[in-house]
Amino acid sequence: MKELRTIIRDLREDRDIKQKVIAEYLGVSQQTYSNYENGHREIPIWAVTKLSEYYKVSTDYLLGANTGYLGNTNLNVKYLGDITMHDVVYDIQKLNTKDRRDLLRYIRFLKNGEN
């Protein structure tokens, strides 16, 4: 299982973002952020939360708990128009519980051809 420090480094490098940019977003020095990625300093929970928002991933993903996904692992590929599956999942995660339930009911409705 990947460590948090490796996951955040990979996310940053995959997007060709400099450590300084992420450090500024978090409100820490570039050296502090570098220490997070190098494992010389523990990453605070508030930083994990902000990084999940920045990269539009769940905190579970950052913490390595999201290992059961069986579909396409490249969520950044265009899904519909300019929207990626990553965008869709991120938007769903922002819904409240009632709206998530309603959305799932609607998806089942469409899937079962009841329209």
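**Helix α1 and its neighbours**

Modeller: In this predicted model, α1 passes α4 in a left-handed crossing.

Colleague: Which residues make that contact?

Modeller: On the α1 side they are Leu4, Ile8, Leu11 and Arg12, and on the α4 side Val48, Leu51 and Tyr55. By class, the residues of this contact are six nonpolar, no polar and one charged.

Colleague: What is the angle between α1 and α4, and how far apart are their axes?

Modeller: The angle is about 30 degrees, and the axes lie 12 Å apart. Angles under 35 degrees count as roughly parallel, so α1 and α4 are roughly parallel to each other.

Colleague: Turning to α3, how do the axes of α1 and α3 cross?

Modeller: Helix α1 covers residues 4-14 and helix α3 residues 30-38; their axes come within 7 Å and cross at roughly 120 degrees. The two helices are therefore oblique to each other.

Colleague: Which residues meet there?

Modeller: From α1, Arg5, Ile8, Arg9 and Arg12 meet Tyr33, Tyr36, Glu37 and Asn38 of α3. The contact of α1 with α3 comprises three nonpolar, one polar and four charged residues.

Colleague: Which residues of α1 are buried?

Modeller: Leu4, Thr6, Ile7, Ile8, Asp10, Leu11 and Arg12 are buried.

Colleague: And what do the buried residues of α1 pack against?

Modeller: They pack against α2 (19-26), α3, α4 (45-55) and α5 (59-62).

Colleague: One last topic: which residue with a positive phi follows α1?

Modeller: That residue is Asp16, with a phi near 55 degrees.

How values were computed: Residues numbered from 1 in each chain as written. Predicted model: local features only at pLDDT ≥ 70, side-chain atom pairs only at ≥ 80, totals over all residues. Heavy atoms only, no water. Axes fitted to C-alpha atoms, helices over the stretch in contact; angles between N-to-C directions. Helix = DSSP H or I, 4+ residues; strand = E, 2+ residues; numbered from the N terminus. Parallel < 35°, antiparallel > 145°, perpendicular 65-115°, else oblique. Contact = heavy atoms within 4.5 Å. Nonpolar A, V, L, I, M, F, W, Y, C, P; charged D, E, K, R; others polar. Buried < 20%, exposed > 50% of the residue type's maximum accessible area, 1.4 Å probe, protein only. Left-handed = near helix turned anticlockwise from the far one by under 90°.
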